[in-house]
Amino acid sequence: MRIFPTWMQRLWDAWDIRVMVLWSLTLQIILISFGGRRKYIRGIGTKVVVWSVYMMADWVAVFSLAKLSDVATFVDSSNSNNNVQNNKLMALWAPLLLLHLGGPDTITAYSIEDVRLYLRHVLGVIVQVGLALYVFLLFWTGSIDWISLLSLPLFVAGILKYGERSRVLWRANSAFPQPLLPIRFDNSKEIDALKKKVPSEGVMLALSYIWLQNLCPGLASCRNINNDLISSEVIEIIWGEDGAETAFKFFEFQLGFLYDILYTKPNNIYTKGGCIVRLVSFICLVSTLLGFAIIGSDDNSNADACITYVLLVGAVVLELYALTLLIYSDWAIVWMSKHYRNPFVKRIFQALAPIVYRQGKRWASSLPTLNLLNESLYNVKPAILHHQILRHPSLEKFRAFTCRKDVDDLKSVKTLVMEEVRLLVQILTDKDNWHKSFEERGKNALWRHGINYENPKWCIDGRGFDISILIWHLATNYCYYLEDSPSQKESSLREGSKLISEYMVYLLVIYPNMLGDSVSDCDLSAI
């Protein structure tokens, strides 16, 4: 007994490759639309969609190339001119699939593991380009025709884009010796020019970028700018009015730059080579589309011709959309800040900088927290099947993830962090006591508040970082509920302390690798 009727099997056999190439284009549209949003959308749904599409996109493109090779082999072995004429447009699809394998600019890698496996992508470039050439040669009739002429620029664009992706992953890998920051500020005069001529929005973005350049010398090949000058400018921004919000905005820019370096393509886009690749690719795509519209007009009624139009137009639109995203990006503002003396750049900067600075969203603006005193972590209703499943020890981390709480109001956290930073600066300026800020974990806080160190010494000395997090988490919860009617300032600091403690527990339970190699997985059943 057949599961699928004969007519359905014949329909799929006739349209499988056509459906797959269109599906590959659809996946690219989803990736370029949502790939960059996962860094500021906290919902699990968006992350699942991006992860699924990211994993599926390469597989669909490779599968389509394999199906094209089957069709090309059948056409070549049949020696029928009708088969060649009916399927000749498929020769254009192979290089277009190489463009899809190159991926959009908004997501080059989903995780750091993808970056570390850059050699696999290099091998993939060799294999898939060879397969695409094999498909083209099988469809080639031996004479120079318009299909052959149109395929050449497509192959150039496809190889450039696919090769660029592997090169970006290679450069993002820690083993690559060259700098990752494409825009370089080389002297202190550029800082003076920024402050005097560039509007405040550009100064904030540029200073955050320059400070990142100085704090991480391995990211840039230029010499460090005067750190005292940078620090004075940064302190002036952070310690101004509304310092907490401004400071977090400042470091939000830096984290956005680091995210883009690891998971997108800025270290190649904002270089001369990257600009040339984009210009050549775009010219090749537009010339192929125009050539197909003019020369291939006789086949416009064919279904394959319509699909080819969709693929070519889709590729051009994706390139234009990617160019728009690049213009409205933090990287573009930093680049224009460096070249602000150019009158043309100055006009564009004045129009774009306020929009990018105020409307650009760079993180979720929420804090995931987990309280170990939350009874739902341990009390599971036995009558519900999925709760019974969650009681299994191997699913403890997932159960903890479902019990987390996302906090959107972070004013108390920002105020507390900035208060601690100010106190740290004051301590560091004290020549007699500055070393105390780097002593045993928690001792500095006890010393500041006049608490005898010997009494709680048992919970500080010789304790691992993970154990210290748990001990101070319990202490924070105890102190949080100790005072019934605190003042407004004390209430804000107390709320901020509790949220930071719960965030540290969330990292310890869900993402212990973010706390260092010495931290092991937290076993909830043992608490």
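Analyst: Start with two terms. Helices (H or I, at least four residues) are DSSP runs, numbered from the N terminus. The expected span of a helix is 1.5 Å times one less than its number of residues.

This is a predicted model: local features need pLDDT of at least 70, side-chain atom pairs count only at pLDDT 80 or more, and totals for chains, interfaces and linings use all residues. Residues are numbered from 1 along each chain as its sequence is written, and side-chain values use heavy atoms, with hydrogens and water left out.

Now take α13. This helix has 24 residues. From its first C-alpha to its last it reaches 34 Å, close to the 34 Å expected at 1.5 Å a residue.

Which residues of α13 are buried? Buried means under 20% relative accessible area, exposed over 50%, and partly exposed in between (1.4 Å probe, protein chains only). The buried ones include G274, V277, R278, S281, C284, L285 and F292.

What covers them? The cover includes α4, α7, α12 (266–269) and α14. Contact here means heavy atoms within 4.5 Å.

F292 leads on to the core. A nonpolar core is a set of buried Ala, Val, Leu, Ile, Met, Phe, Trp, Tyr and Cys residues joined through side-chain atoms within 4.5 Å. The largest one has 46 residues, and F292 is among those with the most contacts inside it, along with L68, L92, W93, L96 and L98. Elements that give two or more residues to this core include α13 (272–295), α4, α7 (146–172) and α14 (303–327). α14 gives the most, with 8 residues. In soluble globular proteins, nonpolar side chains tend to be buried together.

L92 touches F292 as well.

R278 brings in charge. A salt bridge is a side-chain nitrogen of Lys or Arg within 4 Å of a carboxyl oxygen of Asp or Glu. R278 is linked with D105, E164 and K265 in a network of salt bridges.

Helix α14, part of the cover, has a charged link too. D304 forms a salt bridge with R18, the closest N and O atoms being 2.6 Å apart. D304 lies in α14 and R18 in α1, so the pair ties together parts that are 286 residues apart in sequence. D304 is buried, at 2% relative accessible area. R18 also counts as buried, at 12%.

Key
Lists of a residue's contacts leave out its neighbours within four places in sequence.
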